[in-house]
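Student: I have a structure to go through. Please show me how to read its features, one at a time.

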Amino acid sequence: MAGGGGSGGGVSPLGPAPPMWYHRDLSRAAAEELLARAGRDGSFLVRDSESVNGAYALCVLFQKHVHTYRILPDDEGFLAVQTSQGVQPKRFKTLPELVSLYLQPSQGLVTTLLYPVDREETAVSDDRDYSDGEDEKPPLPPRSASTSTPPGPDTPTDSPPAANGLSTISHEYLKGSYALDLEAVKQGACSLPHLNKTLVASCKRLNGEVDKVLSGLEILSKVFDQQSAFMVSKMIQQSVNQGGDQELENLVTKLAILKDLLSSIEKKALKALQDMSLSSPCSPPPLSMRHSKAIPVQAFEVKLDVYLAELTKIGKSQKYTLSVDVEGGRLVVMKKVKDNQEDWTTFTHDKIRQLIKSQRVQNKLGIVFEKEKDKSQRKDFIFASAKKREAFCQLLQLMKNKHSNQDEPDMISIFIGSWNMGSVPSPKSVASWVLCRGLGKTLDEMTVTIPHDLYVFGTQENSVCDREWVESLRAMLKEQTELDYKSIAVQTLWNIKIAVLVKPEHENRISHVGMSSVKTGIANTLGNKGAVGVSFMFNGTSFGFVNCHLTSGNEKIARRNQNYLDILRLLSLGDKQLSSFDISLRFTHLFWLGDLNYRLDMDIQEILNYINRKEFEPLLKVDQLNLEREKNKVFLRFAEEEISFPPTYRYERGSRDTYVWQKQKATGMRTNVPSWCDRILWKSYPETHIVCNSYGCTDDIVTSDHSPVFATFEVGVTSQFVSKKGLPKSSEQAYIEFESIEAIVKTASRTKFFIEFYSTCLEEFKKSYENDSQSSDNVNFLRVGWSNKQLTTLKPLLSEIEYLQDQHLLLTVKSLDGYESYGECVLALKSMIGSTAQQFHTYLSHRGEETGNIRGSMRVRVPSERMGTRERLYEWISVDKDETGGPKGKSTMMSRVGHEYVKSLGELGKVSEEGERSSKEETAARYTHMLHTKLTTQYRPKQDTADGDPSICKNSYNNPAYYILEGVPNQSAAAISPELLPSPTSTNPQAAKAPPPSAGARTKPPCATSAAPHPRRPMTGHPVRAISEEGSSEDDGGTVGSTLNRPPPDFPPPPLPKGALEMVAEAPFSKPRPLYPDLAEVRIPATGPVAPLALGEGFRRGGVGGVGAGALDDQSCSVLQMAKTLSESEFPGQPPRAPSAPPPLRGQPMGLGLDACRTFPPRNPIPESIAEDMPEEALWGSSSSSLSVGESSVGEWLQRLGLERYEQGLLHNGWDDLEFLSDITEEDLEEAGVLDPAHKRILLESLRQQQQQK
């Protein structure tokens, strides 16, 4: 804290006692809120500077604006307000002296200091966070310090106080005996008997512990150093014989002996063992380089997914077996033919061009095989389950990686585990934890034993010493994988520990290891609560891992939120040059795990009933962490995989059958409701690859009242790039150029601003000039802009496109008056590469709070000589989102074009290989074309589909909806009709625009209302794949027929209404959610009302080149206006039940948007083709004769029969086509979950009748 800084003459800069107007490390935003609440000109406060350690910031309110003055210490420790150049500053010894001068008029400030705004003092005595019985007392610090890893520069060196010292005995001394000692000193006493007594009592248990340790070390000294053993024993005996008043000196003597023994015993033992080894035979070499056991050949039973045009050729659906030989690099595709004969084809790893996952049918996978040199064929297969499909993909990726000619990996697998051990040693085996076996989203048994590249273990209430804990983890991993994993970092804060282990082959790829910890226990001084963190570089990718234990207690939500913000701000990890950014923006990938202690706000009996029925969705809606994230209180833009396992706390120890939710306390009965206390979240840079493959908990580790939680991730990594062409010449230099930048910042200040740019691709950070435009429509917000004259051109260190497409740019908007950051963001360069400027739009955040928005136009210009690139391993798998909900188009011919496009994206990385066959200019043009046909999914707050739109005019960008923030008065929006403004308890509307039809691709007419995804928890129980911070990257390759500014690929447009004007009867506001809208989340045009949107008519959007003035017509429409129009219309023919729709993405609002559109049944969509070499006649023929295809047609059929309960099972097994259902057998129905004989007869009879009608 700045308040602790030194000053001249040994006088504290705060004077004898900190004045009440000094607010310590209060944030800038919080200071502005306090002054706004004060409301009077001349109100002021002083806080610590956020930009300079030891400096202060004087904040003054004048005419509703906050003015900030920096108070800087000089070399002698005197304080002065920073003045303009040439003005002599006035120097003061203390802060109160400085403030007293400016309490007088005409001293150079904007106004005289009149009304001090005092800080709010919080009572420490009521701040204990173990009141719910989770911790009876703050646990003891660990008995031994970390010995497995030498302490880094950030490792705390201060020893925590002994148990019960600070919390009980020391308090008693300060309250009572302290006065007696003071009186004795006044009377001439030279000792403090009461303090001595207090220290002896505090260290009583320490005495016993030291005796035990000394006894053990004495035995070791007798074995390894017999000469000094007698002397050690004599010294110990002398110290033990002392007593009485010399008890404290006795302890100090023993500690000195202990120090000497610890510092010498290892050297003496090493020498003794070396002497012994000279006379003993050589031992066998260690097994550290031993390879993991070979992966056996795995076989998958699948069905070929065929289409109507092919049914006449091949009859019923055929069953195949796919055998994956990872070690041999082969895939064998085998099908059974007549007379039990088998027809099989073998494809080597280089002949498998691409895997295309279906998002609509979770167990469907398309495989693109290379048949001849330039020809390929796609076949779609239905797996037994989605888990089997994922296992197959993982094995094929392993095969590709194993036989790749690349020296460095493109992708690694990470295991993350979190466990509150309950201060009890772990059982002998915790194999189920590291193998991800148990409840929730687990790995398939075929892949569960494949070793991960990194293992990260976070524990809380872990009483095992560090060395023993890490060695037990290494032994367990060796038993499971036959590999000697290397410990690269261990960090401990009391009983909170984090350990990172890596495959031996990756040890040299790890660099820049950092460790840190933050205490958030009582008065932020005890380490029983807090966080430990580890950071490092894996080749060119930065990783951060935080393990925390937050405040317990059902009602202490605000305290937990503050714990998180303190950790976010104070944990010292990562690049020190990025001090302006909190740790959520310092790493390519940040993982946050631990016992977060957020509880469920629901009656205990209701919770137990839902758990017994395995209905977790209602519980997730009242989960405190989810609710706080929805309000943007914590974990801004973090992601979490869907929770499909029961609450992990508070179980009866020794069993997982019973929750212990009551505990008798001295103050009465205490209730601990079952809760998901133990969580794993992550936040990644935009346009990076990360997929969560598992998220669950064990069900067989019962020593603690918490169950261990696990998650596994597939993460794209970059290598340390080495240019084959050397440093760029001036003619081959790449440039990052900005045309303009505009930001809306949440502040009552009216100062000038500049932007700082940071990136690993820059030699040093760069600054812009101050903004040249500034305006405000709301006292709490400021819009600032920079033209291209004010923005500097950036020169990357290397100019290769292969290097630049992996780089990111960090921006921070800083004020000229205090050089403090008002908001930070991160941009990916990948989508900005090209000859024309591209649009970006993202949110600003500071200290974990969203503080505004920023948008602009930029381009990354790469010379054609540096355009060569290659395909990454994670780009080899794409997601076919074109299937997701809605019509497929008017003919299946279009779907062939779509699949060819998917394959063309797979060719994106092969430009360098084709350079031998084509000129550099052709290669550059082809890459630029491919890149611009991919989606720009980054820079959209909450993945808002309208945010990245270059056609959004300034009216909609600077509209009052930006200013709807919690606690911020919405003055400019007051004139707008209340029905167009959301209330804090309304749903969270988001504008969405449908894309234009792209050339040769299928057209998707929009639904009138739609919601965009953002990376928060799902509101439904459907499976969800988590997305990165600003959008998806790994899925870009699977998007069919997209243009640059289409909505993010994780959110496809909803289906058409049934018929020309059919819509839902139920209002779209049927499920209100208490959400707080974020900045730029609601689009309300400031101009006149917008006419109702005609169905089937899309909004206009700017294309790649459409960023000129002509493309900036404001065609935006409030989603609330559209919803209102829809709800006021009555349409006939609506079925009583909404058919199924694709699963919504994480955090999407329930009441408005997608839910409103999900009720529209698709309008006769046409099945897509799967065989690339199918004759055109068959394709065209199928489009005119097919029935309705997809979930809705099967759903309507089942609903008519009253058997809609079987819809999900049929779809899950690939039976998504009514005509394809005609081939279904009783065995197939049983596999889909239809076990009732009567129901099987009804379904088969219905299908038979349909066939006869034809």
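Student: What share of the contacts between residues at least 6 apart in sequence join residues at least 24 apart?

Tutor: A contact means heavy atoms within 4.5 Å. In this protein, 73% of the contacts between residues at least 6 apart join residues at least 24 apart. Keep the ground rules in mind: this is a predicted model, where local features need pLDDT of at least 70, side-chain atom pairs count only at pLDDT 80 or more, and totals for chains, interfaces and linings use all residues. Residues are numbered from 1 along each chain as its sequence is written, and side-chain values use heavy atoms, with hydrogens and water left out.

Student: How many helices and strands are there?

Tutor: Helices (H or I, at least four residues) and strands (E, at least two) are DSSP runs, numbered from the N terminus. Here there are 27 helices and 36 strands.

Student: In what order do the 7 strands of the open sheet run?

Tutor: Two strands pair if DSSP finds at least two bridges between them. The order is 14-25-26-13-15-17-16, with mixed pairing. Strand 14 (439–441) and strand 16 (486–493) each have a single partner strand, so one side of each lacks a neighbour in the sheet. Inside the order, strand 13 (residues 411–420) and strand 26 (residues 709–716) pair antiparallel over 8 bridges. Ile 416 faces Ala 711 of strand 26 there.

Student: Which helix lies across strand 15, strand 16 and strand 17?

Tutor: Angles run from 0 to 180 degrees between N-to-C directions, with axes fitted to C-alpha atoms, for helices over the stretch in contact. Helix 11 (residues 466–481) lies across them, at about 40° to strand 17 (496–502).

Student: How many aromatic pairs does the structure hold?

Tutor: Rings of Phe, Tyr and Trp (its six-membered ring) pair if their centres lie within 6.5 Å; planes under 30 degrees apart are stacked, over 60 edge-to-face, the rest tilted. There are 33. The centres of Trp 419 and Trp 433 are 5.7 Å apart and their planes at 75°, so this pair is edge-to-face. Trp 419 sits in strand 13 and Trp 433 in helix 10 (residues 431–434), 14 residues apart.

Student: Is Trp 419 buried or exposed?

Tutor: Buried means under 20% relative accessible area, exposed over 50%, partly exposed in between (1.4 Å probe, protein chains only). Trp 419 is buried, at 0%. Trp 433 is also buried, at 0% relative accessibility.

Student: Which residues do ring pairs link into a cluster with Trp 419 and Trp 433?

Tutor: Phe 415, Tyr 455, Phe 457 and Tyr 485 belong to that cluster with them.
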